[in-house]
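Welcome, and please open the structure in your viewer. We will go from one selection to the next and look at what is there.

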Protein chains: 2
Amino acid sequence: MGVTRPVPLGSLHLTHLVVILSDDSSTFRPNPNSIPGAVVSRLSLYLRELQHLIADGKETTSSSQLGRRLGFTDAQVRKDLAHFGHFGHPGIGYRCDELITAIRKILGTDREWQVALVGVGNLGRALLGYRGFAQQGFRLVVAFDTDEEKVGTRIEGVEVCHLSRLGEVLLEKQIELGMVAVPAVDAQEVTDELVKSGVSGIVNFAPVTLKVPEGVSMVGVDLARELEQVTFTVANKLANPD
Amino acid sequence: MGVTRPVPLGSLHLTHLVVILSDDSSTFRPNPNSIPGAVVSRLSLYLRELQHLIADGKETTSSSQLGRRLGFTDAQVRKDLAHFGHFGHPGIGYRCDELITAIRKILGTDREWQVALVGVGNLGRALLGYRGFAQQGFRLVVAFDTDEEKVGTRIEGVEVCHLSRLGEVLLEKQIELGMVAVPAVDAQEVTDELVKSGVSGIVNFAPVTLKVPEGVSMVGVDLARELEQVTFTVANKLANPD
DNA sequence: GATTGTGAAAGTGTTCACAGCG
DNA sequence: CGCTGTGAACACTTTCACAATC
């Protein structure tokens, strides 16, 4: 990002110099490693809430309104957004549409992403039918399974191919993201295949920790784990009711 | 937890005095509010990994082995567990079965939990068929929907009742946990019903932030959000490849 | 020799509080 | 006047490093 060259007079106190030099003039893109995962995760929530606000006919909002609706402080909302630029208007707040555009750009969902699903079992089928993906710009274009009954059919309009054709099809369809919904024992093998085929991000629904090389990003969703988070609180609240 | 009364001689350096006074002599149960959510979330991962280790025939493990497999440091593993008691054996490590028992007790999954599902759409059906719940002690006993086609049938062996019977059925079946898999617009209403019917914990799959009263615990799972976490990293890695 | 449990140090993330701006 | 953006204070979390233990 060649920003370290000598800077003329006066510019010395610019904190976000790269905004000016970069050809993408509207959004500051810091090294993702320097952004806490929790911030990114909240960004998704802000986006979701802004979409609800727009649906309710609101034009603008404020850090305190956004925070209140999500259970965060106003300062947190502002600090989170400040990682990426200046999106607010002092005295006014944030214009919902503006902020939505900005957050989508940050999250990378200002364009469509082609997604493949591996594993058309119970969960896989549900993922194929889930409307929420399309709404956020994710296009589930193909699914894979080894079950000959399923291979060749279309489920929810999505073609099911044999797992053995994974590499070939992913390349042909230019797929960048994968979702793994196979049994735990098969998940690592499938993941290795996805990585070999050039996928750059994976969401894993199998209850195992998967190894991926540097440069491939990976998020795990474990349904039983979510329930355990709840039972912990419930069990301990019962044992310890203030 | 009346521990503040005068303590005789010698006991002054006991950190976990409550262990001795409590009638549950094996596990320290601190106020859940004092345990960071991140710790609890890792506890689930430790449990999962220990189960894999047992399946591989390992009798014992160590904080460094456990950490390495999950991408944490050994110190983190030890510190996390230290919140709840002394489960390890210096020089040896942790006995897998022992630690599994201890973590289940902490998470509250040392017993079965009766779970109800509301919303038998795509996702709901997948949840009904998901084996992972039973494996961790969650029993999905009943589902609710408003679709007359589904009401009265059994899906994956689970009875589907009409939503209007929610209160009655939950009480009768002594249900403690609910999973919400209805469209976003209906989620708050359904949640209010669950709470009114005495459910103490909820996992919400609708992309909205739900309000629940103090004392009801709530976890949200938003599938599009998970994908957004991945695209953020991918998009920014592409823009910023070190 | 290996490994835990834990204070102390280092590192991160959150909240406060207010200057500056519309 | 209301609200943002932000340095500084605070709180929390992780890592280090080592005495204690088997």
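Start by selecting Gly119(A), Val120(A), Gly121(A), Asn122(A), Leu123(A) and Gly124(A), which an unreviewed UniProt entry marks as "binding site". From this set, Leu123(A) belongs to the lining of the largest cavity. Keep in mind that the model you are viewing is predicted.

Now pick out Gly119(A), in the loop that runs between strand 3 (113-118) and helix 6 (122-129) of chain A. Its relative accessible area is 6%, under the 20% cut-off, so Gly119(A) counts as buried. Leaving aside residues up to four places away in sequence, Gly119(A) touches Gly124(A), Phe144(A), Asp145(A), Ala181(A) and Val182(A).

Move on to Asn122(A), which lies in helix 6 of chain A. Asn122(A) is partly exposed, at a relative accessible area of 30%. Which residues does Asn122(A) touch, not counting those up to four places away in sequence? They are Arg125(B), Ala126(B), Gly129(B) and Glu156(B).

Zoom out to chain A as a whole: you can look for 10 helices and 9 strands. Of its 242 residues, 48% count as buried. The accessible surface of chain A is about 11,900 Å², and carbon and sulfur atoms account for 53% of that.

Finally, select helix 5 of chain B, residues 96-107. Buried residues in helix 5 of chain B include Cys96(B), Leu99(B), Ile103(B) and Leu107(B). Just past this helix, Gly108(B) has a positive phi of about 90°.

Key:
Residues numbered from 1 in each chain as written. Chains lettered and ligands numbered in written order. Predicted model: local features only at pLDDT ≥ 70, side-chain atom pairs only at ≥ 80, totals over all residues. Heavy atoms only, no water. Helix = DSSP H or I, 4+ residues; strand = E, 2+ residues; numbered from the N terminus. Expected span 1.5 Å × (residues − 1). Buried < 20%, exposed > 50% of the residue type's maximum accessible area, 1.4 Å probe, protein only. Areas by Shrake-Rupley, 256 points an atom, 1.4 Å probe, with all protein chains shown as cover. UniProt positions renumbered as here; feature names shortened; annotations may be inferred. 1 Å grid on protein atoms, 1.4 Å probe; cavity = no way out; pocket = protein on both sides within 12 Å on 5 of 7 lines; lining within 4 Å. Contact = heavy atoms within 4.5 Å.
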